[in-house]
Every structure is written in structure tokens, then in C-alpha cells.
Amino acid sequence: MTITLKKTLIFVAVGTLLVANTSSALEAPKGRVILTVSGNISETNSSFGAQFDREMLMALGNQELMTDTPWTEGINTFNGPSLKSLLEAVGANGSNLAFTALNDYTANVPSKDAYDHEVMLAMDMNGKRMSVRDKGPVFVLYPFAKDPSLNNEVIHNRSVWQVKSITVK
């Protein structure tokens with residue numbers, strides 16, 4: 001009887017440790033949520049999917065992109081995480097991404113664009129945080145200066161600003 005009880009206690013203790021170590025890699029946001037990713041994802045931190053505040057997004061890797069855009073004047077320096085790093089962080093498994101802006105404009109973007117074109121989720125422009133007035137807080141940005149063939153209507157329509165959510169399909 002004592003041996004069975006000891007084995008049971010050991011089993012319960014090991015099971016508790018395993019459950020404790022399998023928690024999601026995404027912590028809950030501490031600041032204001034600016035982006036929610038939902039759909040076919042394996043990593044979540046809320047009932048809505050994966051929610052991110054600014055600091056969480058920047059922690060995915062702050063990249064720099066110097067480019068012109070059809071919506072800004074001249075060459076500007078943008079900073080923010082890559083779309084690829086976000087998709088990897090949430091365990092995205094889908095071929096299409098539906099980006100939705102604050103005004104409910106939605107654009108469908110092939111997931112492969114994140115890898116083929118090094119798409120950025122721009123959050124800063126010329127060292128300043130992008131406000132809603134300036135296409136922020138999140139702006140889907142393609143490297144137009146690096147690859148002029150991206151300067152076309154299809155890609156322009158995929159370059160959503162004021163992004164509030166992404167649905168992985």
C-alpha cells in the first residue's frame with residue numbers, strides 16, 4: 001500500500017511538472033493590445049488568439065528598412081519586426097493572411113510574401129513611433145526601394161496601415 005501511494009505521488013508530481021512546462025510561449029500583453037492574430041495558429045495568450053502590445057512586437061526583432069512608399073515623401077527609415085517573425089511566434093499554419101485595419105478595410109496577403117519579400121510590420125518611421133494619424137501603430141510594408149517590381153497595385157492593396165488584426169487561413 002505504501003509503495004503504491006509513493007508511486008502515485010511521484011506520478012502526480014511528474015505530471016504537474018510536465019503541465020507547468022508546456023505553457024504557451026506567448027506571455028499575456030502588459031500594455032495596450034495593438035494587434036491580435038487569430039485563425040490557424042498554435043500559440044495563443046488569450047481567448048481571442050495571440051494578442052500583442054508594442055513591446056511584445058518589438059521583442060520579435062527590430063529590423064530597419066529604408067524605402068520610399070507611394071504614401072510617404074522620399075526615402076524614410078522604418079523599424080519594426082518582420083512579418084515572418086510574427087508568423088513563427090504564433091505558430092501560423094495557413095497559406096493566406098487577412099489583414100484588417102482600424103477602419104475595417106481588409107486585404108488578403110499570401111503567407112509566402114512574408115518569406116519571399118521580407119515584409120515588415122513597421123511601427124516606427126524616422127525614429128518616431130507611428131501613430132494612427134501616421135499609418136500606425138502597425139503598417140504592412142514591402143521593401144519597395146529594394147525591389148521596384150513590388151511597386152504595383154496588387155502589392156499596394158496588401159500594404160495595409162493601421163492594422164488591428166491578422167487572421168491566418
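Leaving aside neighbours within four places in sequence, Arg158 is in contact with Ala107, Asn108, Val109, Pro110, Asp113, Val140 and Tyr142. The model is a predicted one. Arg158 belongs to helix 5, which covers residues 153–158. Its relative accessible area is 17%, and because buried means under 20%, Arg158 counts as buried.

Among the contacts of Arg158, Asp113 is joined to it by a polar contact of 2.8 Å between the two side chains. The pair also meets in a salt bridge, at 2.8 Å from N to O. Asp113 lies in helix 4 (residues 113–116) and Arg158 in helix 5, so this pair ties together parts that are 45 residues apart in sequence. Asp113 is buried, with a relative accessible area of 3%.

Side chains of opposite charge can pair when their charged atoms come close. The count for this model comes to 6 salt bridges.

| Salt bridge | N to O distance |
|---|---|
| Asp113 and Arg158 | 2.8 Å |
| Lys30 and Glu27 | 3.3 Å |
| Asp116 and Lys112 | 3.4 Å |

In the remaining pair, Lys112 is exposed at 52% relative accessibility. Asp116, at 47%, is partly exposed, because the exposed class requires a value over 50%.

An open sheet is formed by 4 strands in the order 3-4-8-9, with antiparallel pairing. Strand 3 (63–67) and strand 9 (128–129) stand at the edges; each has a single partner strand, so one side of each is left without a neighbour in the sheet. Strand 3 and strand 4 (residues 76–80) run antiparallel and are joined by 5 bridges. Across this pairing, Glu64 stands opposite Asn79 in strand 4.

**Nonpolar core**

The largest nonpolar core has 40 residues, of which Val37, Phe52, Leu83, Leu86 and Phe99 touch the most other members. Helix 3 (residues 83–90) supplies the largest share of this core, 4 residues. For Phe52, the contacts beyond four places in sequence include Leu26, Val33, Leu35, Val37, Leu57, Leu60, Leu86 and Val90. Arg32 is also one of the residues in contact with Phe52.

**Aromatic rings**

A pair of aromatic rings is described by the distance of the centres and the angle of the planes. The whole structure holds 5 aromatic pairs. In one of them, Phe78 and Phe139 are edge-to-face, 6.3 Å centre to centre and with 80 degrees between the planes. Phe78 lies in strand 4 and Phe139 in strand 10 (residues 139–141), so the pair ties together parts that are 61 residues apart in sequence. Both Phe78 and Phe139 are buried, the latter at 0% relative accessibility.

Phe139 also pairs with Trp161: the ring centres are 6.0 Å apart and the planes stand at 80 degrees, so this pair is edge-to-face. Trp161 lies in the loop between helix 5 and strand 11 (163–168), and the pair therefore ties together parts that are 22 residues apart in sequence. Trp161 is partly exposed, with a relative accessible area of 28%. Which residues do the ring pairs link into a cluster? The cluster consists of Trp71, Phe78, Phe139, Phe144 and Trp161.

How values were computed:
Residues are numbered from 1 along each chain as its sequence is written. This is a predicted model: local features need pLDDT of at least 70, side-chain atom pairs count only at pLDDT 80 or more; totals for chains, interfaces and linings use all residues. Side-chain values use heavy atoms; hydrogens and water are left out. Helices (H or I, at least four residues) and strands (E, at least two) are DSSP runs, numbered from the N terminus. Buried means under 20% relative accessible area, exposed over 50%, partly exposed in between (1.4 Å probe, protein chains only). A polar contact is a pair of N or O atoms within 3.5 Å; within protein, one must be able to donate a hydrogen and the other to accept it, and residues adjacent in sequence count only if both atoms are side-chain atoms. Contact means heavy atoms within 4.5 Å. A salt bridge is a side-chain nitrogen of Lys or Arg within 4 Å of a carboxyl oxygen of Asp or Glu. Two strands pair if DSSP finds at least two bridges between them. A nonpolar core is a set of buried Ala, Val, Leu, Ile, Met, Phe, Trp, Tyr and Cys residues joined through side-chain atoms within 4.5 Å. Rings of Phe, Tyr and Trp (its six-membered ring) pair if their centres lie within 6.5 Å; planes under 30 degrees apart count as stacked, over 60 as edge-to-face and the rest as tilted.
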